[in-house]
Amino acid sequence: MNVLVTGGAGFIGSNFIQYYLSQHPEDVVVNLDALTYAGNINNLKDIEHLSNYHFVKGSITDDTLVNQLFAQYQFEYVVNFAAESHVDRSIVNPHLFVETNVLGTSTLLNAALKHRATLKKYLQISTDEVYGSLGQTGFFTENTPLDPRSPYSASKAGADMLVKAYYETFDLPVNITRCSNNYGPYHFPEKLIPFLISRVVDGLTLPIYGDGENIRDWLHVLDHCRAIDLVLQQGEIGEVYNVGGHNERTNNQIAHKIIDLMDYHPSKIEYVQDRLGHDRRYAIDPTKLETELGFKPLYTFDQGIKETVEWYLNNEDWWRPLQERAQLKRVEENK
Ligand SMILES: NC(=O)c1ccc[n+]([C@@H]2O[C@H](COP(=O)([O-])OP(=O)(O)OC[C@H]3O[C@@H](n4cnc5c(N)ncnc54)[C@H](O)[C@@H]3O)[C@@H](O)[C@H]2O)c1
């Protein structure tokens, strides 16, 4: 199989490529990534020597380049991770999110359609954020109406709608996965968990938005990668699959867990002005993935967060330069 992975130098994409090649060593993976501030080619240094792994620096919005790659490799699988992914940045520059997330997806879909002879599956990596915000009860199912509330989630929802349209109109073989918050190694240090870990390392306060009672549903990134591979291989064409691990936590609980693991002081938590339009709660119902494809996460949160803290402590040379690149000035949350 020839597989196009876009955004493969980011957090989830780089974990996915390493996981995928370990499971399918006979396949060829082409990683198309624009290397924005969030892309880091060092994430893949353990596999860059492999003859069946190729990195191409470029944008998913570059129609010529994308079509060249499709013509050259005749891809069987396309997995689109490439995105602007940070909610706070989407509040500052919404247009960039439309360009990358909507127009970029449109470019990939057009190329996939043109080169559909070999294509077995186009998989769009989406997010639970397209469903909007929940109250204290209820869960997002695949039938929950899309109700995005930030420019980030609106652009991801727009991309999902295009993918659905290419299935309905052109019969393009597609799937969409919508996952909850990921955590684990190679997570950019502007995101909540690595951000808090790095602040503890530096002996700083731990800024938390609002009252800290916003709830996210956390899944280890390698469990997400397993779910993506499962959907790629076995997902029914045209279907959407929610991905989650029944693991809701408030931001306060996340902060206290890191404080406990790193032997820090709870008094260091500092509540700061809330994010604009801050979604209160996300919670995924992954029943369809579990019952139809047999998905079960391997990580417990306690084990996953412990290993993640250890990874950041052992890999300061990875995240320290990224802090400067991102000009981190304030608490950044989530995805
Ligand atoms: N992080 C999460 O918790 C989470 C949860 C659910 C879904 N998702 C989705 O998963 C995908 C990956 O998320 P992530 O956290 O790894 O993001 P990330 O920001 O870490 O990585 C995004 C990658 O895309 C690349 N990229 C950006 N614009 C590009 C373009 N125009 N062309 C090619 N490459 C480009 C960046 O260089 C980077 O390597 C996103 O689509 C996101 O919406 C993320």
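I begin with leucine 35, which lies in the loop between β2 (28–33) and β3 (53–57). Please bear in mind throughout that this is a predicted model. The phi angle of leucine 35 is near 50 degrees, a positive value in a residue other than glycine. Is leucine 35 buried, partly exposed or exposed? Its relative accessible area is 27%, so leucine 35 is partly exposed.

A second residue with a positive phi is aspartate 171, where the angle is near 65 degrees, and this residue again is not a glycine. Aspartate 171 is placed in the loop between α5 and β6. With a relative accessible area of 54%, aspartate 171 counts as exposed, because the cut-off for that class is over 50%.

Let me move to serine 180, in the loop between β6 (174–179) and β7. Which class does serine 180 fall into, buried or exposed? The relative accessibility of serine 180 is 2%, and therefore it counts as buried. A polar atom of the serine 180 side chain lies 2.9 Å from the backbone oxygen of aspartate 217.

Asparagine 315 also sits in a loop, in this case between α10 (301–314) and α11 (316–326). The side chain of asparagine 315 has a polar atom 2.8 Å from the backbone oxygen of tryptophan 311. Asparagine 315 is partly exposed, at a relative accessible area of 22%.

Serine 22, by contrast, belongs to a helix, namely α1. Its relative accessible area of 48% makes serine 22 partly exposed. From the C-alpha atom of serine 22 to that of glycine 238 the distance is 27 Å, and the two residues are 216 residues apart along the chain.

I now turn to the ligand. There are 29 residues around the ligand, and those that come nearest are Ile12, Asp33, Ser85, Tyr152 and Lys156. What is the make-up of this shell by class? The shell holds 13 nonpolar, 13 polar and 3 charged residues.

At glycine 10, a backbone N or O atom lies 2.9 Å from a ligand oxygen. At isoleucine 125, a polar backbone atom is 3.5 Å from an oxygen atom of the ligand. At tyrosine 152, the side chain provides the N or O atom, which is 2.6 Å from a ligand oxygen. How much of the ligand's accessible area does the protein cover? On its own the ligand has 830 Å² of accessible area, and the protein covers 98% of that.

The space that the ligand takes up is the largest pocket. Which elements give two or more residues to the shell around the ligand? They are α1 (11–23), β5 (121–127), α5 (151–170) and β7 (181–183). β5 gives the most, with 3 residues.

Thank you for your attention.

Notes: Residues are numbered from 1 along each chain as its sequence is written. This is a predicted model: local features need pLDDT of at least 70, side-chain atom pairs count only at pLDDT 80 or more; totals for chains, interfaces and linings use all residues. Side-chain values use heavy atoms; hydrogens and water are left out. A residue is near a molecule or strand if one of its heavy atoms lies within 4 Å of it. A polar contact is a pair of N or O atoms within 3.5 Å; within protein, one must be able to donate a hydrogen and the other to accept it, and residues adjacent in sequence count only if both atoms are side-chain atoms. Accessible areas come from the Shrake-Rupley method with a 1.4 Å probe; for residues, only the protein chains shown count as cover. On a 1 Å grid over the protein atoms alone, a cavity is a set of points where a 1.4 Å probe fits but cannot get out, and a pocket is an open set with protein on both sides within 12 Å along at least five of seven lines; lining residues have an atom within 4 Å of a point. A molecule sits in a cavity or pocket if more than half of its atoms lie within 2 Å of its grid points. Helices (H or I, at least four residues) and strands (E, at least two) are DSSP runs, numbered from the N terminus. Ala, Val, Leu, Ile, Met, Phe, Trp, Tyr, Cys and Pro count as nonpolar, Asp, Glu, Lys and Arg as charged, and the others, Gly among them, as polar. Buried means under 20% relative accessible area, exposed over 50%, partly exposed in between (1.4 Å probe, protein chains only).
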